[in-house]
Amino acid sequence: MTGEEETEDMVVTPWKVSGIVDYNKLIERFGTKPMTRDLIGRLEKHAGYLHLQLRRGIFFSHRDLDWWLDNYENGQTVGLYTGRGPSGPVHLGHLLPWFFTKYLQEAFEADLYFQMTDDEKFLIHPELNLDDTVGYTYDNALGLIACGLNPKKTKIISDVNNISHIYRLALKVAKHVTYSTVRAVFGLQDSHNIGIIWFPAIQATPSFIQSVREGKNVAVLIPAAIDQDPYWRMTRDIAERLGFYKPAQMHAKFLPGLGRGGKMSASMPETAIFTIDPPEAAAKKIMNAYTGGRPTVKEQRELGGDPSICTIYAYYYYLFEEDDSSLLELERECRSGGIICGDCKARLAEVIKAFLKDFQEKREKAKDVIEQFMLK
Ligand code: TRP
């Protein structure tokens with residue numbers, strides 16, 4: 001399977017991510033480009049500040065970001081597209097690219113099309129029925145809106161409910177993609193149902209929807225985790241044949257789970273923090289998380305811990321410690337044995353409790369405005 005490599009147990013496909021992910025290897029295998037200082041500088045200039053996820057290399061790779069920025073700098077309208085497969089509640093890992101998308105939307109005053117693939121998740125997961133996945137579209141949209149996206153510039157597409165808006169375009173995409181391409185790009189097996197064969201045409205479509213609606217080609221950027229790359233390889237292959245631009249991409253790393261190794265995954269709820277978790281329950285998960293600490297306090301004081309393998313440190317790094325010098329200070333304290341894991345966890349648990357309380361209030365408020373966000 002293209003993108004699915006068994007070496008070192010690294011598997012990165014749209015439907016499965018496991019093993020220790022080597023991001024440099026993914027750049028090589030998927031044929032993407034690493035982010036550069038120059039590109040980061042251009043984003044910073046337009047946004048007015050440097051986002052944590054750029055400073056810390058969380059968005060680490062791209063395709064044609066330079067071209068997308070050229071378009072903007074030449075006064076052209078630029079657009080954004082991203083999405084979510086609604087197969088369960090939203091966890092912190094999902095928020096990572098959504099926060100970043102909000103940053104881009106503000107910086108570039110860009111329209112965002114956000115696709116909820118309630119069809120894909122129905123087709124892929126034997127245990128989910130359509131009411132489940134469409135229900136999660138609503139639930140997940142609340143989480144998305146709570147991230148602060150602009151209601152005037154954001155359209156959420158439920159594939160199931162909004163198919164009439166995308167069907168004509170999806171058909172045009174489908175006509176240009178052969179079965180053998182889809183089979184190779186997605187590693188399809190004879191046992192896959194035929195819905196999965198067709199679905200990639202649906203996921204390609206929002207790359208072009210703004211161009212169709214505006215009656216002119218719009219340069220679109222897709223910020224997303226790197227596992228979605230096969231869709232964009234396929235989409236870019238056919239874009240120009242349909243008269244559209246190839247969508248540009250920015251690729252994010254995965255937020256680690258609270259266990260040892262692996263990304264945060266809803267299928268392991270004890271190692272994932274869901275945005276709807278009661279704050280006390282989330283704090284408990286933090287207190288049970290895997291750290292880079294020593295077996296005993298005595299050893300920890302003498303030898304220090306290892307933040308590079310610590311999930312608690314990772315949460316500060318990815319999300320919860322804005323300030324670079326405070327982060328560095330935490331790393332030093334850890335390595336020198338100045339801080340022990342129990343205290344470090346308790347500190348993060350408080351931060352996460354406050355975060356969840358605030359986020360849950362915003363999520364409640366989203367119920368009043370969700371209709372403004374849904375594609376009509
Ligand atoms: N297939 C994605 C998922 O399972 C959902 C999705 C649709 C998406 N369109 C997207 C993700 C665009 C990122 C960007 O999560």
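Two strands count as paired here if DSSP finds at least two bridges between them. Keep that in mind for the views below, which come from a predicted model.

View 1. Seven strands make up an open sheet with mixed pairing, and their order is 3-4-9-8-5-6-7. Strand 3 (33–34) and strand 7 (154–158) sit at the edges with a single partner strand each, so one side of each has no neighbour in the sheet.

**View 2. Strand 3 meets strand 4.** These two run antiparallel and are joined by two bridges. Look for Pro34, which stands opposite Ser61 in strand 4.

**View 3. Strand 4, tucked away.** Strand 4 covers residues 59–63, and five of its five residues are buried, so the rest of the structure largely encloses this strand. Buried here means under 20% relative accessible area. Strand 4 also pairs with strand 9 (residues 248–252), again in the antiparallel sense, over four bridges.

**View 4. Strands 5 and 6, side by side.** Here the pairing is parallel: six bridges link strand 5 (residues 78–84) to strand 6 (residues 111–116). Thr82 is a handy place to start, as it stands opposite Phe114 in strand 6.

**View 5. Helix 11 over the strands.** Helix 11 (residues 206–214) lies across strand 5, strand 6, strand 7 and strand 8 (219–225). Relative to strand 6, helix 11 runs at about 135°.

Notes:
Residues are numbered from 1 along each chain as its sequence is written. This is a predicted model: local features need pLDDT of at least 70, side-chain atom pairs count only at pLDDT 80 or more; totals for chains, interfaces and linings use all residues. Side-chain values use heavy atoms; hydrogens and water are left out. Contact means heavy atoms within 4.5 Å. Axes are lines fitted to C-alpha atoms, for helices over the stretch in contact, and angles run from 0 to 180 degrees between N-to-C directions. Buried means under 20% relative accessible area, exposed over 50%, partly exposed in between (1.4 Å probe, protein chains only).
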